[in-house]
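Reader: I'd like to learn how to read a helix and a pair of aromatic rings in a model. Could you take me through them one at a time?

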Amino acid sequence: MKAPRIAQNFRGRRAVIFTTEGQSLGILEATLRRLGLEPDARPVPLRQDFELPDNLAPDTDLVIIDGDLNLPLAWPGSYNVSSLHAPCPTVGLVGTEAPSRLKAMLQLGAASFLQKPIHSGAVYSALYLGVNAFEHVDGLRVSLDDMGERRRKRIYVIKAVAALMRQRGLNEDAAYDLLRKDSMRARVSVEDHCESLMLANPDSDLDRGETKKRCQAH
């Protein structure tokens with residue numbers, strides 16, 4: 001898997017902040033502006049329920065949530081994210097260090113934490129860890145999804161190799177090499193190439209088109 005790029009500059013990102021009114025919010029907003037972010041403060045009274053936004057973008061937004069609030073149990077369903085995951089980088093504000101409050105922030109995907117009362121010197125570190133941890137987890141998810149999709153399509157590779165071996169008298173290595181070279185020419189994965197071949201030839205007759213020409217060349 002390709003190593004993710006480490007983000008160090010967060011200029012231009014919108015920081016959506018859910019916390020109470022007060023000095024800490026003012027310090028946080030001022031520090032975020034100095035770092036080039038656009039604070040979007042949404043003050044919430046301590047015992048009031050609230051909803052998380054459903055229009056966040058992972059590349060341009062981040063969320064800062066206060067663990068002392070009545071946090072929602074999950075993100076809006078439109079994001080289709082599981083527990084412990086978030087739709088964008090998420091930082092937790094820690095006031096009361098009760099396990100239940102820490103757990104609530106973790107369940108919303110908070111990947112880094114900022115202690116209250118807020119000190120301006122600690123904000124960049126929390127952003128750095130939060131954004132890069134999110135990027136790392138998101139990269140792993142994409143890699144796993146790709147591996148799962150390729151594994152699902154391996155049956156088409158097996159069928160295509162078997163068909164070429166049967167129809168053209170090739171051995172397994174030669175048949176696979178032929179399919180791999182054709183997929184490279186088409187600039188697709190060998191799994192996608194074999195899927196297209198087998199879906200276009202449900203009777204497993206690959207003795208036509210470009211595949212036939214390449215087989216005859218062997």
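Author: Gladly! Keep in mind that this is a predicted model. Let's begin with helix α4, residues 172–186: its 15 residues reach 21 Å from the first C-alpha to the last, close to the 21 Å expected at 1.5 Å a residue.

Reader: Which residues of α4 are buried?

Author: The general idea comes first: an α-helix has 3.6 residues a turn, so residues three or four places apart point the same way. In α4, the buried ones are Ala175, Leu178, Leu179, Asp182 and Ser183. They lie on the same side of α4 because they cover an arc of only 130° around the axis. On the face turned away from that buried side you find the exposed residues Asp173, Met184 and Arg185.

Reader: And what caps the N-terminal end of α4?

Author: Asn171 does, with a side-chain oxygen 3.2 Å from the backbone nitrogen of Asp173. After α4 comes Arg187, which has a positive phi, near 60°.

Reader: Now the rings, please. How many aromatic pairs are there in the whole structure?

Author: A search finds 4. A pair of aromatic rings is described by the distance of the centres and the angle of the planes. For Phe10 and Tyr124 these are 5.7 Å and 45°, a tilted pair. Phe10 lies in the segment before β1 and Tyr124 in helix α3, so the pair ties together parts 114 residues apart in sequence.

Reader: Is Phe10 buried or exposed?

Author: Phe10 is buried, at 3% relative accessible area, while Tyr124 is partly exposed at 29%.

Methods:
Residues numbered from 1 in each chain as written. Predicted model: local features only at pLDDT ≥ 70, side-chain atom pairs only at ≥ 80, totals over all residues. Heavy atoms only, no water. Helix = DSSP H or I, 4+ residues; strand = E, 2+ residues; numbered from the N terminus. Expected span 1.5 Å × (residues − 1). Buried < 20%, exposed > 50% of the residue type's maximum accessible area, 1.4 Å probe, protein only. Arc of directions from axis to C-beta. Polar contact = N/O pair within 3.5 Å; in protein donor to acceptor, adjacent residues only side chain to side chain. Phe/Tyr/Trp six-rings, centres within 6.5 Å; stacked < 30°, edge-to-face > 60°.
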